[in-house]
Structure formats: C-alpha cells, structure tokens
Amino acid sequence: MRSTKLDTSFDSNPSKDFLRREYDKAIISQWRAELGKPLKYFGLPAWKMLDVIEWQGFIDRFTTIEREEDQQHLMFLKANVENVEHRLHSLYGEFDDILLNGRDTFGHRPEWPYELVNLDYFGGFIYADLSRPKALRKLIENQAIYEQSFLFIITQQLRDGDIKKEKSGFLKDLGRSLKSGILDTALHAPVDEIVSWYEDADIPDCARQTLYMNYFLRDWGEAEHFDVACRPAIIYPGTGGSWMIHFVTDFRFQSGVGHRVASNQSLLELINLGLLEARGKGFVPTRFVQPKLSIRKRK
Amino acid sequence: MASEVDEVKQNVAEDSEELFYAAAVPILSEDLYPRKIEVIREYIQNASDALDDWLKISDLIPSDRTEPQIKISIQGKSVLIFDNGIGMTEEDIPKLQRIAYSEKKVGEEAGYKGIGRLAGIAVAEKLKITSTSYGDPKLYHFEFRAADMRKDISDKKKQGINEQATPVIKRHTKTWWTDIDPADHYTLVEIRNIKDSCDELLDSDTLIEYIGDIGPVDFSPEFKEGALISENLQRHVPDYSPKTIYLSRPDGKKVRVYKPYSDEMKIAAPRFMEISDPTNAGELLAYCWYASNAEEILGKMRPSGKIFQVEGEAVEERRRFAGLVYKLFGFSVGDRSLPERTLWTTAVVRAKWFTGEIHVVDKNVQPTTPRSDFIENAARVKLYAEAQKRIPPILKNLAQEISDNRKAFTDAKTIRQKFDKYKTQLENGGIERSDLKVIKEDLDKSFRKLGTRKNTTDKEIGAYQKEVRRLGETVQTALNDPKKLKPGYSITDLAKELDMSTKPRKVFQIIMETLQQHFSQDKDEYHEIAEKIHKALKDKYV
C-alpha cells in the first residue's frame with residue numbers, strides 16, 4: 001500500500017492562525033451579536049475546516065464547497081470526528097460554477113441566504129474568463145434576493161500581476177468615479193496622482209489588489225442595496241511561499257431603498273484604508289505604504 | 001439469472017478464496033439486496049461489530065472517553081456511515097479487495113461472510129472507506145469504483161472476455177494511507193453518488209424508520225414500557241447490547257434512532273417468554289417479549305384484542321408492526337412474516353394481535369447472507385420446533401384471554417348503562433307498571449349475560465362485573481316495590497276519559513275486572529294488557 005501526502009495547499013500557518021483565531025473571530029463575534037442569532041456559514045474551508053471548527057460557537061449550519069472528491073470525503077470524516085456532521089451541508093464542484101449555475105455536480109443547491117461567507121481560495125481574483133468576479137457578484141445578488149446582511153471574508157493569492165488590462169481599466173474607472181463626485185475640477189489633480197501611483201508598474205500588486213477588491217465589493221454591494229463597510233486588506237505569507245491577501249467586509253442590506261445605496265463609508269475613506277501585514281502571531285509594519293488621498297480646498 | 005446467482009452464493013459460502021468470475025460480482029451484490037435500503041444494514045452491522053470490538057479493549061485506554069456510536073448522514077448523493085469503533089488495520093484494508101473474505105467469528109458477531117463490506121457497490125458509483133485503529137499512525141483509504149467496474153465488465157463481456165473477479169476488482173479499487181493521530185480510531189464509509197433508482201437510501205425518514213426497525217438500537221424514552229423490556233433483554237440475552245445510532249436530517253437536526261415503539265402506539269404491558277432447550281435444561285434458545293395494542297379500560301391501559309396497528313393511512317402501513325420479529329445480535333432476521341411462516345400452523349391471524357421480538361440466544365443459529373431467514377441446520381430446526389411449541393399456544397391463549405376480558409368488560413359496560421337508566425327512571429318515578437314485565441325480563445337476560453362472562457382473568461374487570469350485578473340487583477328489588485312505580489291503571493279514570501255512557505262503561509268495567517281477576521297472580525301481565533286496551537280505545541275514540 002502506498003502512502004499519499006495530503007494536499008497541504010490549504011494547511012494553516014501561524015499568520016493564518018492569527019487571522020482566523022483572533023482578527024476574524026473578533027469581527028465574527030461582533031457580527032453575530034449584531035445579528036442576534038447564530039450565523040449560517042457558506043465557504044471554502046478545505047477538508048480540515050479549521051475556520052468552521054474555530055468559529056463553531058458563532059455558527060449554526062455551514063455549507064461548504066469542495067472540488068476534490070477525496071478532500072470532500074476527508075471533510076465528511078473531519079465533520080464526524082468533530083461531531084458537527086449534522087450541521088454540514090457539503091456541495092461538490094467548482095465554486096464559480098456552483099455560484100453561477102446555482103447547483104453543484106449532483107444538482108444540489110446552496111441553502112441561501114447566509115450570514116457569514118468565507119471564501120479562502122487558492123488563486124487570484126481575476127482570471128481570463130472573469131468567472132471569479134462574476135461568481136462573487138452572483139453571490140452578492142443572491143444575498144440581496146433574500147435581503148440578508150452578511151459578513152464577507154475573502155482570502156486569495158497575490159498573483160494577479162499579469163492581468164494588466166483589467167486592472168488598468170479599473171483604475172481609470174476609479175479615477176472617473178472619484179472625479180465625478182468632486183465638482184471643483186482643480187481638485188482632480190490629486191485623484192490623477194493617486195491613480196497613476198497605483199498604475200505604476202513598480203508598485204507591488206498587493207497595493208493595487210487592496211484597492212480594487214474593496215472597490216469592487218463596494219460597487220457590487222451598493223448596486224444590490226447593501227451598505228458596504230470595507231476594512232484594510234491584510235497581506236500575510238501563505239503556505240508554500242505564496243503571499244495571500246485577506247478582506248473582511250460588512251454587507252448590510254438596506255431594505256426599502258429603490259435606488260443604489262450610498263455606503264456610509266466614503267470612497268475616499270475606502271481608498272485610504274490601506275493595507276496591514278500579518279506575520280506570525282500579530283500585525284507587523286507593512287512595507288507597502290500607499291499615499292493617502294487628501295481632498296481639501298486649496299487656499 | 002437465479003441459478004447463476006445461486007451458484008455464485010454457493011461459491012461464496014463454501015470458499016473464502018475467490019473462485020468466481022468478475023461478471024458475478026455485480027450480480028451477486030445486486031441480487032443480495034432486493035430492497036436496496038438493506039445495503040445500509042450491512043454497514044451498520046460492521047459498525048456495530050467494530051463498536052463491540054472496541055468496547056472489549058476500551059477499558060485499557062482510560063484516556064479515551066468518546067461515546068461509542070454510529071452516525072449516519074446524507075450529503076448530496078452520498079450516504080455516510082461513521083463509527084468510532086475498533087477501526088481497521090493495515091492488514092484489513094487489502095482484504096476489502098477480496099470478495100467473500102471474512103474473519104468474523106460466526107456466532108460472535110453480527111455480520112459475516114465479508115460480502116457486506118462491499119454492499120455499497122450495488123447501489124452507487126463509488127464506495128469509499130477510510131479507517132484507522134487506536135495506536136496506528138496511519139489513516140487507511142479504500143476506494144471501489146463500482147460504476148467503472150460495471151462498465152468494464154459489460155464491455156469485456158461484449159468482447160467475449162470473462163475475467164476472474166480478483167484482477168478486475170483490483171483494477172477498480174485503490175488503497176493508500178495518510179498520516180493520522182495514533183489516538184484516533186474510527187471508520188467512515190461513504191456510499192458515493194447513489195443511483196437514482198436507489199434514492200430511498202437518501203431519504204432520512206426512511207432510514208430512521210428502517211434502522212429503528214432492523215437495527216441494534218434501544219427503546220425510545222418515549223415508550224415507557226421500553227425500560228422494562230430492555231432490562232429483561234439485558235438479563236436474558238447475553239449479546240444484547242443496543243448501540244447508539246444517530247442520523248442527521250437534511251434540516252441539520254441530529255436524531256437518535258430508536259426502536260419504533262412509542263406510547264402513542266398504545267401498547268399494553270409487555271409479557272415475556274423463554275424458549276428453552278429441552279435437551280439442555282436451563283439453556284435458552286431464545287427469549288421473547290410481546291405485547292398487544294391497548295385501550296383505556298377502567299382508568300388503565302389494557303390489551304384491546306385486535307390486530308396490532310399503529311397510525312397510518314393504508315392498512316398495510318397501519319399493520320407494519322403486527323407480529324413478532326426474530327432478532328440476532330440485535331438485528332432483525334427476516335421480517336414479521338417469518339415467525340408466522342415458521343411457527344404458526346393455525347389461527348395465524350392471532351399472531352398479528354401482538355408485536356414483539358424473538359431474540360435468538362443459541363449461537364449455532366446463523367442468518368442467511370440476505371438475513372431473510374436462518375441457515376438450515378440442526379440449531380435452526382431445534383429453535384423453530386421449540387418456539388413452535390411455546391409461542392403460538394401461549395399467544396393463542398393470551399389472545400383468547402384478552403378477547404374474553406374485553407367482551408366481559410364491554411358487556412358489563414353495556415348492561416351497566418341499562419341498569420343506570422332503570423335506576424334513574426325509578427328515582428324519578430318514571431316506570432309504568434305496564435312496562436314492568438319487559439324490564440324484569442331484560443334484567444334477567446342481563447344477569448344471564450353477566451353470568452356467561454364470568455371467566456375473566458382480569459380482577460378489576462371481574463370486580464366491575466360484580467359491581468354491575470349489584471346495581472342490577474338493587475334495581476330488581478326496587479321494581480318489586482309498588483311505591484317506587486307509577487300509580488297503577490284505573491278503570492274508572494279510563495271510562496271517564498273515553499266519555500262512555502252508562503251501559504258501555506258497565507261492560508268495560510266487567511271486562512277489566514274479569515281480566516284483573518284472571519291475572520291476579522301476574523299483575524304485571526294484567527297491567528300490560530290493560531295498557532294495550534287503553535291505548536287501542538284511546539286511538540279509536542279520543
């Protein structure tokens with residue numbers, strides 16, 4: 001009989017542990033208190049379900065997506081060993097496909113809506129076919145159908161540097177959005193400055209990704225009647241030498257609003273959220289400090 | 001097809017070394033389970049044995065405080081059976097690739113013959129088993145790609161190739177291991193991507209009912225007689241050890257599975273019966289509990305005397321627990337028709353008056369592979385013969401007794417209502433003298449009927465009968481007291497009422513006085529006739 005090394009790409013490390021056990025957990029605890037009931041979870045926890053196990057005190061039922069058959073089987077095993085098998089609702093297939101098609105490989109559907117979504121995926125945000133952004137947008141739309149506020153945690157790999165065109169387009173849009181909200185054209189110069197800073201090829205991708213992920217989440221959320229509150233993105237060293245980026249965002253549904261919601265958090269505040277870096281058991285000063293955008297009337 | 005299958009079974013039974021062709025594997029696995037849900041029983045049986053094996057050594061590992069349990073859940077199109085029993089060792093895993101190989105000890109464990117471990121291949125695309133045993137740092141994985149194998153066999157058959165089973169099985173199975181905490185011990189079976197035609201396996205309610213009916217589970221706390229039955233079974237059946245089995249429902253609720261009995265079913269107090277070995281006095285062949293439906297009689301639930309039934313729409317559904325069922329190591333063998341077929345020769349319907357279980361104690365009695373009966377051997381012959389001598393006669397007598405008691409009560413109750421009515425009429429001065437004859441006859445008839453139901457064995461029903469009789473006697477005494485009846489019939493009053501002239505009145509008086517004289521010994525008869533004449537004249541002239 002041969003031995004097989006289990007897929008370790010989702011294995012934890014001290015930084016990831018810190019985020020899960022302390023940073024995320026504190027936010028989830030508050031979110032659970034705000035909603036006043038145990039949270040229904042939807043996510044990609046990998047077979048060890050470290051997040052589900054860590055947060056199980058706040059979670060009721062949890063829907064997981066797994067695309068590897070053996071990994072899904074191990075998840076069943078883990079759920080039984082941890083005695084949470086009755087709370088598990090496991091879907092099988094590609095995350096993007098399930099969200100876009102509404103069903104998994106066996107025709108089973110997510111149990112919409114959810115109060116906590118945690119997507120920790122090995123890979124970046126933008127692929128050539130844009131299936132990931134489409135899937136995330138679909139998720140937000142589905143939540144909106146049920147008018148359900150949710151906490152959205154996304155963790156992804158920092159490896160999007162090659163998709164220049166999409167990002168460049170995004171930055172131009174961002175500049176236009178900002179300028180359209182500022183009537184004094186004399187103040188448009190700082191906007192152009194910060195956009196060109198982000199466009200600079202020498203700027204590390206994590207800085208850009210911080211901005212565009214939060215921007216997209218906010219944009220999609222507002223379009224679906226959510227008041228979106230972003231937090232600074234967190235970068236940390238992942239398993240196997242890769243760098244990961246982590247976002248935790250509040251989506252509060254605004255019922256009775258017929259038009260696009262304007263979030264309480266301004267676009268300016270979002271741009272200035274910046275970036276945190278986690279290493280080991282805490283945050284460390286990050287090497288990537290982006291310029292702050294300041295729009296004040298010139299004297 | 002049948003002969004082909006029989007031949008395969010024969011091979012399986014006779015030789016644990018694989019001797020048959022690959023084409024037989026799917027036939028064998030599918031033929032064994034005419035009801036596909038029976039596949040689950042095989043895995044519960046294995047899990048139950050694993051728990052028993054673990055319990056034998058768990059005292060040596062005081063640090064392990066896990067509750068031995070079996071957990072069943074449904075995920076997508078998979079059914080999962082988990083147990084935290086002894087687990088499998090590195091040597092056990094390759095044996096999964098050998099059909100009909102088993103080291104289970106006949107008479108000591110529930111499952112045997114080694115076919116059950118692969119039962120899932122009859123109903124699903126894949127079978128995945130993961131297991132580890134205490135102290136072993138390896139988690140073993142086994143995968144059987146059943147759908148691929150079926151296709152492979154079918155393709156080969158078209159080409160006229162008929163391979164032996166082992167190489168084909170090996171081609172479609174995979175075993176490997178990964179690291180694990182050596183303190184872990186469990187087995188998880190996943191029957192993956194179950195065929196649409198077998199979707200009852202994916203219905204949690206069906207599984208709960210099925211496992212409760214056939215599995216080695218305890219009585220529900222919602223069945224108050226369960227504790228007593230369980231206590232008796234613990235005392236008399238050496239291998240009686242109900243397992244904790246949980247099933248997760250799709251709504252996220254985890255329910256413990258129990259035997260199907262509950263107080264809602266209205267079950268009378270259970271009784272017990274030993275079936276002993278005549279050639280070895282004192283040795284039990286089997287131990288039986290049985291009970292009938294009950295209804296509330298005199299403030300207590302008493303056997304009601306009819307075919308045992310529960311709530312349900314169709315008759316078949318209502319009668320699904322009617323009759324006894326054989327149990328071996330806590331598992332059902334055959335359904336409730338098996339004791340009927342093997343023990344009852346007459347009055348079979350009386351077998352259905354009771355529900356219950358016959359726990360086989362004799363370890364030489366073994367189930368057939370599909371668990372539809374016991375293997376034909378001397379032990380089975382003895383079991384059936386002795387059970388036949390004991391169970392039907394006792395149940396028939398009890399059924400008769402229940403019937404007698406029920407009739408005794410029903411009659412007494414009806415008579416009491418009648419007596420109560422007369423008593424009330426008497427108290428209100430509402431009994432006519434003309435009605436006396438009929439009432440007295442009715443009383444006599446009621447006393448005679450009470451007399452025919454004297455053989456009740458239920459003391460409280462007997463006491464009730466006596467109470468009713470005493471009430472009747474009180475009424476009888478009162479009827480003989482003219483003061484308690486309505487005033488008698490008056491010839492003068494009637495003549496006046498009919499407005500008779502002098503001559504007819506004289507004639508009428510003569511006739512009535514003559515009648516009065518004639519019936520001087522039977523005044524009730526006179527009053528009855530006088531009433532009739534009175535009524536006839538009134539109808540005609542008033």
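I began with pairing: two strands pair if DSSP finds at least two bridges between them. Helices (H or I, at least four residues) and strands (E, at least two) are DSSP runs, numbered from the N terminus.

I noted the ground rules next. This is a predicted model, where local features need pLDDT of at least 70, side-chain atom pairs count only at pLDDT 80 or more, and totals for chains, interfaces and linings use all residues. Residues are numbered from 1 along each chain as its sequence is written, while chains are lettered from A and ligands numbered from 1 in the order in which they are written.

**Entry 1: strand β3 of chain B**

I looked up Ser131(B). Its bridge partner in β6(B) is Thr187(B). In β4(B), Ser131(B) stands opposite Tyr140(B). I then checked both pairings. Eight bridges link β3(B) to β6 (residues 186–194) of chain B, in the antiparallel sense. Six bridges link β3(B) to β4 (residues 138–145) of chain B, also in the antiparallel sense.

The hairpin of β3(B) and β4(B) has five residues between the strands. There, Gly135(B) takes a positive phi near 90°.

Is β3(B) buried or exposed? I needed the cut-offs: a residue is buried if 20 or more other C-beta atoms lie within 10 Å of its own, exposed if 12 or fewer, and partly exposed in between, with C-beta atoms placed from the backbone. Eight of the nine residues of β3 (residues 124–132) of chain B are buried, so this strand is largely enclosed by the rest of the structure.

**Entry 2: the sheet of nine strands**

I traced the order of an open sheet of nine strands with mixed pairing: β1(A)-β5(B)-β4(B)-β3(B)-β6(B)-β2(B)-β1(B)-β7(B)-β8(B). Its edge strands are β1 (2–3) of chain A and β8 (254–256) of chain B, and each pairs on one side only.

At the β8(B) end, three bridges join β7 (residues 245–248) of chain B to β8(B), and the two run antiparallel. Tyr246(B) has Arg256(B) in β8(B) as its bridge partner. Helix α7 (residues 204–214) of chain B packs on the sheet and touches β1 (70–75), β7 and β8 of chain B. Contact has a cut-off: two residues are in contact if their C-beta atoms, placed from the backbone, lie within 7 Å. The direction of α7(B) makes about 170° with that of β7(B). For such angles, axes are lines fitted to C-alpha atoms, for helices over the stretch in contact, and angles run from 0 to 180 degrees between N-to-C directions.

**Entry 3: where the chains touch**

How many residues does each chain bring to the contact? Chain A gives 20 residues and chain B gives 23 residues. On the side of chain A that touches chain B, the elements giving two or more residues are β1, α3 (69–81) and β4 (88–92) of chain A. α3(A) gives the most there, with five residues.

**Entry 4: the sheet of five strands**

I moved on to another open sheet in chain B. Five strands form it, in the order β9-β10-β15-β13-β14, with mixed pairing. β9 (271–276) and β14 (331–333) of chain B stand at the edges with a single partner strand each, so one side of each is left without a neighbour in the sheet. The twist averages 30° from one strand to the next.

Six bridges join β9(B) to β10(B), and these strands run antiparallel. Arg271(B) stands opposite Tyr290(B) in β10(B). Helix α8(B) packs on the sheet, touching β9, β10 and β15 of chain B. Helix α12(B) lies across β9, β10 and β15 of chain B, at about 25° to β10(B).

**Entry 5: the faces of α8 in chain B**

Which residues of α8 (residues 226–236) of chain B are buried? I found Gly226(B), Ile229(B) and Leu233(B). They cover an arc of only 65° around the axis, which puts them on the same side of α8(B). The arc is that of the directions from the helix axis to the C-beta atoms. These buried residues pack against β10 (284–292) and β15 (354–360) of chain B. The face turned away carries the exposed residues Ala227(B), Glu231(B), Gln234(B) and Arg235(B).
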